[in-house]
Amino acid sequence: RFVADAAHELRSPLTALSLQAEQLDAAAMSTQARERLASLRQGLRRARSLLDQLLTLARMQDVSHESTQAVSLQQVFREVLEDLMPLAETKNIDVGVVGQQDASVTAPHSDLQTLVKNLVDNAIRYTPRDGQINLSAVGDEHGVILQVVDTGPGIVPEERERVFDAFYRVLGQDQVGSGLGLSIVKTVSDRLGAKIGLAYANESARSGLRVTVTFLRTGSAA
């Protein structure tokens, strides 16, 4: 509750600062001043993104949530890609859905959307320019397997448990992030009773990240 309230209260002053920075951008200034303004605006965007993720994490940790329903993962993929495609395009990253098969998961729609959005957002941030990200979902009588595979650096085995801790970031990565994305994914997965696993996308090259989220049908063996 404290985190949610604090994050909510900080949104208004950050919005005001962002508006002031936009107004300042229209003023005449030196090249050096404009470079510093660009850095300021980038920092404000990161701060607003962090607040959004803090609010999401607080909401996911709340025991009360919306009713469940059968949700199409292909529909969730489309919704998420609509939101995140501009971010991928800035790095010329090819993001797509593999296969035409659909699979449904009985869960709150917003939970699945949050889970997939954070997985894809994380993949975009850590995949180098001109890389590739593939989403897929397959289901059978035992359950549904959702995967997000990228051509980024991957995560070494000894780091794979730690990356789910809030604010933890892998050492040696120069990407700007809050360290909350995978923590949110883990929180949602636990709440839905799903299992999440990390592996290299290319095991022989020890590169890329393959995130697998498994939703078991009721009564299926683990």
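Modeller: Before we start, please keep one definition in mind: a salt bridge is a side-chain nitrogen of Lys or Arg within 4 Å of a carboxyl oxygen of Asp or Glu. Please remember as well that this model is predicted.

Colleague: Which side chain of opposite charge is nearest to Arg 160?

Modeller: Arg 160 lies in the loop between β5 and α5 (181-192), and Arg 160 is buried. A salt bridge needs the two charged groups within 4 Å, but Arg 160 has none, since the nearest side chain of opposite charge is 5.1 Å away. That side chain belongs to Glu 203.

Colleague: Which backbone oxygen does the side chain of Arg 160 reach?

Modeller: Leaving aside neighbours within four places in sequence, Arg 160 is in contact with Ile 155, Leu 198, Ala 199 and Tyr 200. Among these residues, the one whose backbone oxygen is reached by the side chain of Arg 160, at 2.8 Å, is Ile 155.

Colleague: In which sense do β2 and β4 pair?

Modeller: Strands of a sheet pair through backbone hydrogen bonds, either parallel or antiparallel. Val 97 stands opposite Leu 135 in β4. Over four bridges, the sense in which β2 and β4 (residues 132-139) pair is parallel.

Definitions and conventions: Residues numbered from 1 in each chain as written. Predicted model: local features only at pLDDT ≥ 70, side-chain atom pairs only at ≥ 80, totals over all residues. Heavy atoms only, no water. Pairing = 2+ DSSP bridges. Helix = DSSP H or I, 4+ residues; strand = E, 2+ residues; numbered from the N terminus. Buried < 20%, exposed > 50% of the residue type's maximum accessible area, 1.4 Å probe, protein only. Lys, Arg positive; Asp, Glu negative; His and termini not counted. Polar contact = N/O pair within 3.5 Å; in protein donor to acceptor, adjacent residues only side chain to side chain. Contact = heavy atoms within 4.5 Å.
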